[in-house]
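I opened this model to look up a few things about its surface, its charged pairs and its helices. My notes follow in the order I made them.

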Amino acid sequence: MTLIAIIAVLFLGGALAWLIERSVEGASRWVTLASLLISCVLLASYWPQFSQAAGEAWWDSVQVPWIPRFGISFFLALDGLGFLLLALTLAMGLFGLIASWDQIRFRRGLFYCNYLWTLAGVAGVFTAMDLFLFFFFWEVMLIPMLFLIAVWGYEQRIFAAIKFFIFTQASSLLMLAAIVALVYIHYNASGQVTFNYRELMASDIPAGMQYWLMLGFFIAFAVKLPAVPLHPWLPDAHTQAPTAGSILLAAILLKTGAYGLLRFTLPLFPEASAAFAPLAMAIGAISVVYGAILAFAQQDMKRLVAYSSVSHMGFVLLGIYALNTIAIQGAVMQMIAHGLSTAALFALVGALQQRLHTRDMAQMGGLWGRVPKLAAIALFFAVASLGLPGLGNFIAEFLVLVGSFPVNRWLTVVAALGLVGAALYALWMMQRVFFGEGKKADEDSKVHDLNAREATALLVLAVGLVFLGLRPQPVFDTAEPAVTYLLEQMESANSVAESSPPDSGSNPVPAKGTTSTTVLNTAASGSENL
């Protein structure tokens with residue numbers, strides 16, 4: 001029941017924050033803080049499983065009938081991968097609240113209600129094992145985020161919110177159609193209507209149909225990742241969202257796309273996913289380079305950080321579809337490290353905008369001597385973003401490249417160019433914002449440095465990145481059972497496909513001896529534990 005309690009606390013805390021603000025001004029922030037702390041305490045009850053390396057695959061589960069007529073249940077479960085991402089969700093929720101503590105000036109109760117409901121939806125996404133319930137939480141996660149952008153955003157917030165809504169809802173409908181088709185195929189084969197993830201895993205899906213269903217899931221998750229060319233919503237959403245909203249988007253919501261690929265797309269459609277892997281890896285490599293190039297071209301500091309997310313999440317896509325333990329573990333580490341570093345960068349941009357009332361880097365400059373604490377911390381997270389050895393981002397990107405190289409050398413080389421691009425845009429950002437001469441810095445001589453609250457929150461994330469860089473093994477051990485299970489599913493499906501007679505009809509999934517077999521053989525050779 002712990003999983004239900006975590007989600008319930010976030011939902012009820014959001015409702016209470018909305019109501020109490022009408023009676024006591026400022027109380028909604030404290031209700032939000034209390035809700036997040038209670039959720040963290042509940043999640044901490046799973047610490048014994050986390051401290052045991054390579055323990056049980058599933059740590060906890062709860063299943064309650066919801067709509068039995070259609071085989072829908074309130075089915076939640078938690079494994080190592082889910083725990084890591086749920087911990088990231090609550091930690092970034094706390095960080096976003098603390099970093100933007102005094103930035104919301106109106107309708108605070110409604111803001112924190114949407115803030116907590118977004119976190120509740122994400123927590124549900126990371127734990128739902130019923131596909132209908134998963135889709136429900138997927139939508140719950142998106143709607144409050146839409147309001148955060150549309151109501152509390154900046155100048156072009158309505159445009160950004162509509163763009164965000166169109167991209168996410170259109171892709172969500174594709175996923176819903178794929179879910180319904182999958183359930184229907186399972187019903188025809190077994191006579192049972194169910195949305196249960198574990199039961200649908202056993203479905204025997206025709207090869208051609210499997211490919212199209214896989215695409216429905218992949219597009220929905222690639223939009224959220226985001227991957228080129230499905231990324232246009234992200235720069236506008238990040239730029240126009242309030243600081244707390246940008247932190248949620250970058251640190252948490254983007255990870256739901258990667259999680260969906262690992263939890264649903266690959267295990268449910270293993271043969272089709274293996275066939276699609278070379279194209280997915282190419283999309284990931286292109287995203288890495290494309291995002292880095294566009295980040296370097298930005299004048300708006302917030303848009304620069306937004307495009308850097310496209311680049312960094314390209315490594316995640318590349319690692320996932322390399323289909324071996326080393327690359328997938330690197331992708332998981334990238335999800336966590338990127339969440340910490342990019343959340344900090346957005347918080348720093350928000351702090352600068354609050355002080356200087358601009359995000360234009362051409363208007364900044366000369367801030368190093370005026371705000372030394374902010375400048376030093378910004379330098380740390382800038383070099384973390386570019387992959388400085390000794391920090392979590394370096395471990396993640398290095399493992400992705402090492403795991404991807406045996407699978408496709410040329411795509412790995414292309415992706416490696418993104419590391420050069422990251423160094424260029426990160427150091428160029430530091431030079432333009434903190435060195436040289438700046439108009440805004442000269443006009444406002446009273447610009448103040450980070451206060452104790454802001455500095456403490458940022459230093460905690462910095463310590464987290466150092467820990468991930470120097471001792472990443474606990475993360476690998478925690479995610480290892482989920483990664484091993486995923487690869488076993490892929491290899492098992494490939495073995496069955498090889499032993500089956502070839503289909504005489506048209507089939508977009510390659511037969512034995514083609515690319516999918518090559519990819520999975522490479523996956524098997526790299527499946528030893530880290």
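I looked up Ile162 and found a relative accessible area of 47%. Because buried means under 20% and exposed over 50%, I put Ile162 down as partly exposed. The model is predicted, and I read the value as computed from it.

Ile162 sits in helix H7. Ile162 belongs to a nonpolar patch of about 530 Å², made together with Ile143, Phe147, Ile158, Phe165 and Ile166. Helix H6 (131-152) and helix H7 (157-190) each supply at least two residues of the patch. H7 gives the largest share, 4 residues.

Next, the charged pairs. How many salt bridges does a search of the whole structure find? I got 6. I wrote down three of them in detail.

I noted Arg303 with Asp236, where the closest N and O atoms are 3.2 Å apart. Arg303 is in helix H13 (residues 301-320) and Asp236 in helix H10 (residues 233-240), so this pair ties together parts 67 residues apart in sequence. Asp236 is buried, at 12% relative accessible area. I also found Lys163 linked with Asp236 and Arg303 in a network of salt bridges.

I noted Arg359 with Asp300, at 3.1 Å between the closest N and O atoms. This pair links distant parts of the chain, 59 residues apart: Arg359 is in the loop between helix H14 (325-356) and helix H15 (372-385), and Asp300 is in the loop between helix H12 (270-296) and H13. I found both Arg359 and Asp300 buried.

I noted Glu454 with Arg355, at 2.9 Å from N to O. Glu454 lies in helix H19 (residues 452-470) and Arg355 in helix H14, so the pair joins parts 99 residues apart in sequence. Glu454 and Arg355 are buried as well.

I searched for disulfides and found 0 in the whole structure. Of the cysteines, I looked up Cys113, which is buried at 2%, and Cys40, which is partly exposed at 25%.

I checked the geometry of helix H16 (residues 392-404). At 1.5 Å a residue its 13 residues should span 18 Å, and the end C-alpha atoms are 18 Å apart, which agrees. In H16, 10 of the 13 residues are buried, among them Ile395, Leu399 and Val400.

Last, the totals. I counted 21 helices and 2 strands in the protein chain. Of its 530 residues, 61% count as buried. The chain exposes about 19500 Å², with 66% supplied by carbon and sulfur atoms.

Definitions and conventions:
Residues numbered from 1 in each chain as written. Predicted model: local features only at pLDDT ≥ 70, side-chain atom pairs only at ≥ 80, totals over all residues. Heavy atoms only, no water. Expected span 1.5 Å × (residues − 1). Buried < 20%, exposed > 50% of the residue type's maximum accessible area, 1.4 Å probe, protein only. Patch = residues over 30% accessible without salt bridge, like charges linked within 9 Å, V, L, I, M, F, W, Y side chains within 5 Å. Areas by Shrake-Rupley, 256 points an atom, 1.4 Å probe, with all protein chains shown as cover. Salt bridge = Lys/Arg side-chain N within 4 Å of Asp/Glu carboxyl O. Disulfide = S-S within 2.5 Å.
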